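Subject: The structure for you to look at

Hi,

Here is the structure I promised to pass on. Have a look at it first, then read my notes below.

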Amino acid sequence: PAADRLRYIFEEYRQQNYSQELPSRFRKEMVEAMLRRSQRSDSRIHLAEVERVLTNIGASDKISQDELLEIFHGDGVDVKQM
């Protein structure tokens, strides 16, 4: 599934660049950064913020737009699902 692919991309990045960081801590910091940029109070992250992060970490070619739309259908994704 697309959500698993996205998780794998972030985990691969964490292992390469933040190997000393606990996975849960890395995930929390990534989510908080995306929420700040989304400027939302309902704990939902916009697709555009995930796309921005993927571009910044050089992973935008590792997941298709269709896969991202599958995950981020509607009005963003609730961080509790990440």
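Buried here means under 20% relative accessible area, and exposed means over 50%, with partly exposed in between (1.4 Å probe, protein chains only). You'll find Glu-49 in helix H3, which covers residues 47-56. Leaving out residues up to four places away in sequence, Glu-49 touches Met-34, Arg-37 and Ser-38; a contact is heavy atoms within 4.5 Å.

Before you go further, note that this is a predicted model, where local features need pLDDT of at least 70 and side-chain atom pairs count only at pLDDT 80 or more, while totals for chains, interfaces and linings use all residues. Residues are numbered from 1 along each chain as its sequence is written, and side-chain values use heavy atoms, with hydrogens and water left out.

Now the overall layout. The chain has 4 helices and 2 strands, and from the N terminus on they run α-α-β-α-α-β. Helices (H or I, at least four residues) and strands (E, at least two) are DSSP runs, numbered from the N terminus. Of the 82 residues in the chain, 37% are buried.

Which residues touch the most other members of the largest nonpolar core? They are Leu-6, Phe-10, Val-50, Leu-54, Ile-57 and Leu-68, out of 21 residues in that core. Helix H1 (2-17), helix H2 (23-38), H3 and helix H4 (65-71) each give two or more residues to this core. By nonpolar core I mean a set of buried Ala, Val, Leu, Ile, Met, Phe, Trp, Tyr and Cys residues joined through side-chain atoms within 4.5 Å.

The buried residues in H1 are Ala-2, Leu-6, Ile-9, Phe-10, Tyr-13 and Arg-14. Seen down the axis of H1, its buried residues fall within an arc of 135 degrees, so they line one face of the helix; the arc is that of the directions from the helix axis to the C-beta atoms. An α-helix has 3.6 residues a turn, so residues three or four places apart point the same way. The buried residues of H1 pack against H2, H3 and H4, while Tyr-8 and Gln-16 are exposed on the other side of H1.

Cheers
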